[in-house]
Amino acid sequence: MGDKALELLNVTKVYRMGDSVVHALKGVSLEIFAGEMVSIMGPSGCGKSTLLHIAGCLDKPTSGIVRIGGKDVMSLDDGQLARIRNRHIGFVFQSFNLLPHESALNNVIVPIQYSGLSRKQGLEAAKKALRAVGLGDRMHHRPNELSGGQRQRVAIARAIVNEPTIILADEPTGALDWQSGREVMGILQELNRQGRTIVVVTHDRDIARYAQRIVELKDGKVVADRKIDSVIVPAHELERAQRDAQVKPGLQICVKCNFANRPQAKFCSNCGFSLHVTPRQSSTIMRRMLGLMITCPHCRTDNRPFAKYCINCGEPMENALKAG
Ligand code: ADP
Ligand code: MG
C-alpha cells in the first residue's frame, strides 16, 4: 500500500451534557491510504458523523491521535486546523448544502474566497470544478433550478474547488432518490479514479458498496473492515442522467434537508424548517461549510461548526440556523 492519507489511532470521543455522558467513539483505529475509496457504514447513532468530523478536523477527539498526510494534527490550534481543512479536505454533507439565492458558480466559489486567490483565479477554479462534476452547462442556475442530484453535484464541486486530496462525505445520498443517489456515487467514483481519496459515511449497505472497502462501525467501535468488489456506475449512465434531469420550475429548496418544496410553501414539508432564509441564516450555513466556528444565539458562545448542542449553555445549535 502507498501513503497514508488519514490515520486515526485509538480515538475516543465523549460528549458531556449536564449529567449525561455519551461515549460516541470508544477507541477507533483506522488507516486510509491515498487513492482509496472507503465507506464507513453503521446504524444511526453509532458514531459515523463524529468519526468523520474528527477525521476532517471539524472536531477534536477526547483522546487518541489523528494524522493527515502523515502529520499529527492533535497539537494544532483552531487557525492551523482551519488551514489544514482548507488545503487538504473537502466536505460533502447531506444537508446545509447550498446558499439558496446564489448561482451554482457563486456557491462553489465560496471556499476560494478564504484561500487567497484572486476573484478571476477563483472563477476559473469554480468553473473547472463544476465541469468536473458534469455541470459545465448549469453554472448560472440557482439551487431551485437544479434537480436533487445536480444540487449535490454543486456541493461536490464546492468540496473539490480548493483541490483537496481527501473528500469526506457524510450521507451524501441521504436526501436523494435512488437514481440521483447512484449518480452522485458515480461522480465520487470518477473523482476517485482521478486520484482523490474518498471517504463516504452511510447507513445504507447498497450505497456503501460503491466503494472498494467497507469499514463497519457499531456502538462507537470498528467491528469489520474488508475490501469488496465495488459496484461501478457506468459512464454512459451518468451522461444519460445528466441529459434527462427534469426540474420543475419554481421549487423551493430547504437549506436544512435539501428537499424540493412547492413554490408557495412557507415551511419545508419534509422537515418543517422555514423556507425563508435570512442573511444571518445564510452566514451560518456558510460558516458551517467552511468549517468556521458558529455562534450560539442564546449565550453568544462560539461552537465548533457541527456541534449539536452549545458547549456553554446546552441549547441545541440548530437554533443558530433558526435565529433569523
Ligand atoms: P451517526 O452519525 O452514526 O448517526 P453520531 O456520530 O452523530 O452518529 O452520534 C453518535 C452519538 O453521539 C449519538 O448518541 C449522538 O446522540 C451523540 N452526539 C453526537 N454529537 C453530539 C454532540 N455534539 N453533543 C452531544 N451528543 C452528541
Ligand atoms: Mg450521522
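Reply: This is a predicted model, and in it strand E1 (4-17), strand E2 (20-33) and H1 each supply at least two residues of the shell around ligand 1.

Me: Which element gives the largest share of the shell around ligand 1, and how many residues does that share hold?
Reply: Among the 15 residues around ligand 1, those that come nearest are Tyr15, Ala24, Lys48, Ser49 and Thr50. Lys48, Ser49 and Thr50 are also listed among the buried residues of H1. The largest share of the shell is 3 residues, and the element that gives it is H1.

Me: How do the residues of the shell around ligand 1 divide into nonpolar, polar and charged?
Reply: The shell draws on both parts of the protein, with at least three residues from each of domain 1 (4-247) and domain 2 (255-324). Sorted by residue class, the shell around ligand 1 divides into 7 nonpolar, 6 polar and 2 charged.

Me: Is helix H1 mostly covered or mostly open, and how many of its residues are buried?
Reply: Helix H1 spans residues 48-55 and is mostly covered. The buried residues run through Lys48, Ser49, Thr50, Leu51, Leu52, His53, Ile54 and Ala55, and beyond the helix comes Cys57, whose phi is positive, near 60°. The number of buried residues in H1 is therefore 8 of 8.

Me: Why does Ser49 count as buried?
Reply: Ser49 has its place in helix H1. A residue is called buried when 20 or more other C-beta atoms lie within 10 Å of its own. Ser49 is buried because the number of other C-beta atoms within 10 Å is 21.

Me: Which residue is the bridge partner of Ile166 in E8?
Reply: E7 has a parallel neighbour in strand E6 (residues 89-93), to which 5 bridges join it, and there Ile89 is partnered with Ile166. E7 is also joined by 5 bridges to strand E8 (residues 197-202), again in parallel. In E8, the bridge partner of Ile166 is Thr197.

Me: What is the hand of the β-α-β crossover from E7 to E8?
Reply: Between the two strands the chain passes through helix H6, residues 178-193. The hand of this crossover from E7 to E8 is right-handed.

Me: Which are the edge strands of the open sheet of 4 strands?
Reply: The strands of this sheet follow the order E2-E1-E4-E5, with antiparallel pairing. At one end, E4 (residues 63-68) is joined to E5 by 2 bridges, and Ile68 stands opposite Lys71 there. Each edge strand pairs on one side only, and the edge strands are E2 and E5.

Me: Why does Leu76 count as partly exposed?
Reply: Leu76 sits in the loop between strand E5 (71-72) and H2, and Leu76 touches Leu81 and Ile84, not counting residues up to four places away in sequence. The C-alpha atoms of Leu76 and Cys57 are 9.9 Å apart. Leu76 counts as partly exposed because its C-beta neighbours inside 10 Å number 17.

Me: How many residues of domain 1 are in contact with domain 2?
Reply: The protein is divided into domain 1 (4-247) and domain 2 (255-324), with 20 Å between their centres, taken over C-alpha atoms. On the domain 1 side, helix H2 (78-88) and helix H5 (148-160) each supply at least two residues, and that side divides into 11 nonpolar, 5 polar and 3 charged. The number of domain 1 residues in contact with domain 2 is 19.

Note on methods: Residues are numbered from 1 along each chain as its sequence is written. Chains are lettered from A and ligands numbered from 1 in the order in which they are written. This is a predicted model: local features need pLDDT of at least 70, side-chain atom pairs count only at pLDDT 80 or more; totals for chains, interfaces and linings use all residues. A residue is buried if 20 or more other C-beta atoms lie within 10 Å of its own, exposed if 12 or fewer, and partly exposed in between; C-beta atoms are placed from the backbone. A residue is near a molecule or strand if its C-beta atom, placed from the backbone, lies within 6 Å of it. Ala, Val, Leu, Ile, Met, Phe, Trp, Tyr, Cys and Pro count as nonpolar, Asp, Glu, Lys and Arg as charged, and the others, Gly among them, as polar. Domain bounds come from an automatic or database domain assignment. Two residues are in contact if their C-beta atoms, placed from the backbone, lie within 7 Å. Two strands pair if DSSP finds at least two bridges between them. A crossover is right-handed if, with the strands pointing away from the viewer, the path from the first strand over the helix to the second runs clockwise.
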